[in-house]
Amino acid sequence: MEKIIMITGATSGFGKAIAEKFAANGWNCIITGRRKERLQEVADTLSEQFNVSVLPLVFDVQSKEQVFKHINNLHHGWQNIDVLVNNAGLALGRDSFDTASLEDWETMIDTNVKGLLYVSKAVLPFMIAKHKGHIINIGSTAAKEVYMNGNVYCASKSAVDAISKAQRMDLLPHKIKVTAVHPGAVDTEFSIVRFKGDDAKAKAVYAGYEPLHATDIADVCYYCATLPEHVCINDLVITCTAQANSLYTFKEG
Ligand code: NDP
Ligand code: 8X3
């Protein structure tokens with residue numbers, strides 16, 4: 001039977017790689033993001049390359065109205081979502097608590113925490129109706145240890161960790177699996193966004209070691225999503241070999 005995965009934030013980075021991995025394995029994909037043209041490009045490429053159906057939905061996860069409007073209006077065939085990957089997210093700034101911008105804090109909380117809650121709430125009725133489903137939440141090593149000047153980004157990912165644990169317990173009666181995937185450093189657009197387009201600062205994050213690739217995260221999500229029905233990976237921390245945790249990465253040179 002054809003399977004459906006919905007991935008938020010599929011215009012770049014992990015989300016795009018996850019969509020490619022699942023589409024390559026015959027899954028139909030609902031992909032979301034704010035950048036309409038990029039999303040359409042991803043959708044066109046996937047459907048042409050892998051001969052699967054791809055539905056691009058353009059919305060901002062920070063907007064409760066937009067999230068519920070798009071998901072509530074899904075055509076019947078697309079409601080049959082097997083796996084939801086709550087991936088859309090970002091860090092903004094790497095500033096000390098006393099100097100960081102309140103606006104950046106609000107955007108991180110609204111996206112990483114509230115956005116994940118809205119999308120989960122909107123998709124859940126479909127999974128509950130069929131008594132089956134799988135939510136994969138993308139956390140971070142930043143959820144596990146707070147690093148200096150990481151303050152609210154780390155807090156938002158700790159919230160993802162806590163929400164994943166809560167979902168896992170509360171959704172057991174509905175046979176819905178919940179997996180939290182916590183990656184360390186991965187070279188995507190993440191740092192360009194964090195440093196607001198400052199390429200040199202972004203590149204420096206990944207200098208002196210080989211970080212993870214977005215495809216590594218896609219492989220992990222695919223593994224978790226294709227285990228037998230009675231098996232659920234609850235919590236998975238993945239780093240590159242040079243990184244021990246969110247506090248320590250061994251860099252050459
Ligand atoms: P990217 O910046 O490459 O991708 C982020 C994706 O999220 C984009 O598709 C973006 O789409 C989407 N997004 C951001 N804000 C919104 C929003 N308000 N509404 C809808 N979509 C949004 O970064 P990554 O792929 O690296 O990040 C993906 C997730 O992984 C994030 O949650 C991040 O915190 C987490 N993470 C990243 C790590 C890393 O080192 N890269 C490590 C650990 C976790 P668009 O701009 O088109 O809306
Ligand atoms: C992204 C990785 O180390 O910048 O979650 O927090 S890190």
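My entries on the ligands and on one helix pair follow.

I noted that this is a predicted model, in which local features need pLDDT of at least 70 and side-chain atom pairs count only at pLDDT 80 or more, while totals for chains, interfaces and linings use all residues. Residues are numbered from 1 along each chain as its sequence is written, and chains are lettered from A and ligands numbered from 1 in the order in which they are written.

**Ligand 1.** I looked up the shell around ligand 1 and found 29 residues, of which Gly 9, Gly 13, Gly 33, Arg 34 and Gly 89 come nearest; a residue is near a molecule if its C-beta atom, placed from the backbone, lies within 6 Å of it. Helix 1 (13–24), helix 4 (102–130) and helix 6 (190–194) each supply at least two residues of this shell, and helix 1 gives the most, with three. Here helices are DSSP runs (H or I, at least four residues), numbered from the N terminus.

**Ligand 2.** I then checked ligand 2, which is surrounded by Ser 140, Thr 141, Ala 142, Ala 185 and Ser 246.

**Helix 1 and helix 8.** I next followed helix 1 to helix 8 (residues 214–225), and the two pack at an angle of about 50 degrees with their axes 8 Å apart; axes are lines fitted to C-alpha atoms over the stretch in contact, and angles run from 0 to 180 degrees between N-to-C directions. Helix 1 and helix 8 are therefore oblique to each other, since angles under 35 degrees count as roughly parallel, over 145 as roughly antiparallel, 65 to 115 as roughly perpendicular and the rest as oblique.
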